[in-house]
Amino acid sequence: MTKLIAVLGDQLSHDGAALRCGDKGTDVVVMAEVREEATYTGHHKQKLALTFAAMRRFADELERDGWHVRYTELIDNDNAGSLVGEFARRAEEEGAEEVVTLAPGEWRLRQAFESAPLKIRQLPDDRFICSEKRFADWAEGRKELRMEWFYREMRRETGLLMEGDDPAGGEWNFDKENRKPAQPDLFREPAPTFRKDALVQEVLDMVEAEFPDNFGSLDEFNWPVSRAQAERALEHFIAHNLRDFGTYQDAMLAEDRLLHHSILSSCINLGLLSPREVCKAAENAYKAGDAPINSVEGFIRQILGWREYMRGIYFREGPDYTSRNALNHKRDLPWFYWSGETDMACMKAAIGQTRDLAYAHHIQRLMVTGNFALLAGIDPRQVQDWYLAVYIDAYEWVEAPNTAGMSQFADGGVVASKPYISSGAYIDKMSDYCGGCAYDVKAKDGEKACPFNSLYWHFLDRHRDRFEGNPRMGLIYRNWDKQKKETRDAKLKTAEAVLAKLDRGEAL
């Protein structure tokens, strides 16, 4: 009996459970570029181009491997426009009674598959290190679901960076060594480049023609679109950038947008690389003496810790997680998140980089664009929608808990024990943005004061009832109370003026 093996655009792994259960002699692989998935959010042009190009390359690899593949391109005349519609069309053509696929990474698609008019069997996605059930078992009965404790358990289970029962280097976490600002370095190894062959160029042209108004530019498209290219990107990172990754992972430079970051998240999230092999490659570099423990541990923690943890949170918390708004923030997302037209140098740099590359690293996302949205009281669902749309590696299972939980505190503390907020001083310490800014990062109030400064205290003041009793924030409130009343009033007045400009749609 023929069955359809459906491979979604972020399931491009040859060893996934759906392909493993198939039979090359009788079963048919189905892949489809559909407008419903291309338009449910306003994806960055590079995200669309990467996904379509990687899908087409993967389909070619499957055919060379002996699979019979039925592939639908976006502009095919018979395209049904949705995944369920394409599955139904192909099932009728092939005489198949069942579709088998890996469970998607979004509640939206899982629910659509469950209610489809044909049988779609969703297999657990075993490409992750921690299964949904394993995470649920770990979380059961815990009062706090802190990533650090989950991460340590994953280290013990996988044996990554372990020396017997003890963590390599004698510590579980070397984050205290990974907070140094960076300096411009002409000799820092740049990211590898990937040739735009005929397949990639065809996709780039199609995306520009079909989605001309979407956010972002295709001019600097330079992403791995195949397993071979992803392996080259991994090898390059391990050889050239891992050594200094940890030390400078929180740093930001206006003229060095990638620093020592791996730029591998899109490869992993598409399925071109497995999280386990990436972690193992970093561990091998440490064992060989090619990279220090602080860099290797910090890198592995991002994957084995945060990535796996965020997926566990997303599926444990359920479909309503994205709608939570614990702080009751309702302000609209400022228009400059899309245009980049602002006098705040840090925001302009982070948004401009996002427009050009579909990429910004974790501190740019958390402590610049995310920090501003939280301080300004922006509706967290609008913030989530922005992050989901603009980043090359954004899928709801990882984007939503990072935004609603870690960045915006919209989940009320499921992910974070306190809000991730700062004044302009943190950005000044970790970047070179402030030196050329129209605002004064040292000024606390007044028209030319850095907006982060006054908004920081305004946030704390308006949410005092919730956070004053937080053990990690009590000292901040005591410092606030020690300031003279006229000083506090001046900061709050400045913040109110900033928020009023936002509400009027004016530039900052």
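**Chat about a predicted model: helices, sheet and cavities**

Analyst: In this predicted model, helices H4 and H5 cross in the right-handed sense.

User: Which residues make the contact of H4 with H5?

Analyst: H4 puts in Leu 83, Val 84 and Phe 87, and H5 puts in Leu 109, Ala 112 and Phe 113.

User: At roughly what angle do the axes cross?

Analyst: At roughly 35°, and the two axes come within 10 Å. H4 covers residues 83-94 and H5 covers residues 107-114.

User: OK, new topic. What is the strand order in the open sheet?

Analyst: The five strands run E3-E2-E1-E4-E5, with parallel pairing. The edge strands are E3 (68-72) and E5 (119-123), each of which pairs on one side only. From one strand to the next, the twist averages 25°.

User: What holds strands of a sheet together, backbone or side chains?

Analyst: In general, strands pair through backbone hydrogen bonds, in a parallel or antiparallel way.

User: How many bridges are there between E4 and E5?

Analyst: Five, in the parallel sense, with E4 at residues 98-102. As an example, Val 100 has Arg 121 of E5 as its bridge partner.

User: Which helix lies across E2 and E3?

Analyst: That is H3, residues 45-64, which runs at about 160° to E3.

User: Now the holes. How many cavities of 30 Å³ or more are there?

Analyst: Four. The largest cavity holds about 390 Å³ of space. Its lining has 26 residues, and the closest to the centre are Gly 9, Asp 10, Glu 37, Thr 51 and Tyr 395.

User: Which element gives the most to that lining?

Analyst: H3, with five residues. The elements that each supply at least two residues also include E2, H2 (35-39), H5 and H18 (396-407).

User: What is the lining of the largest cavity like by class?

Analyst: It has 15 nonpolar, four polar and seven charged residues.

User: What about the second largest cavity, how much space lies in it?

Analyst: About 80 Å³. Its lining divides into 12 nonpolar residues, no polar and no charged. Among them are Cys 346, Cys 434, Cys 437 and Cys 450, along with Met 344 and Phe 452.

User: Which helices each supply at least two residues there?

Analyst: H15 (345-357) and H20 (451-462) do, for the lining of the second largest cavity.

Technical notes: Residues are numbered from 1 along each chain as its sequence is written. This is a predicted model: local features need pLDDT of at least 70, side-chain atom pairs count only at pLDDT 80 or more; totals for chains, interfaces and linings use all residues. Side-chain values use heavy atoms; hydrogens and water are left out. Two strands pair if DSSP finds at least two bridges between them. Helices (H or I, at least four residues) and strands (E, at least two) are DSSP runs, numbered from the N terminus. Axes are lines fitted to C-alpha atoms, for helices over the stretch in contact, and angles run from 0 to 180 degrees between N-to-C directions. Contact means heavy atoms within 4.5 Å. A crossing is left-handed if the near helix is turned anticlockwise from the far one by less than a right angle, and right-handed if clockwise. On a 1 Å grid over the protein atoms alone, a cavity is a set of points where a 1.4 Å probe fits but cannot get out, and a pocket is an open set with protein on both sides within 12 Å along at least five of seven lines; lining residues have an atom within 4 Å of a point. Grid points are joined across faces, edges and corners, and a volume is the space filled by probe spheres set on the points. Ala, Val, Leu, Ile, Met, Phe, Trp, Tyr, Cys and Pro count as nonpolar, Asp, Glu, Lys and Arg as charged, and the others, Gly among them, as polar.
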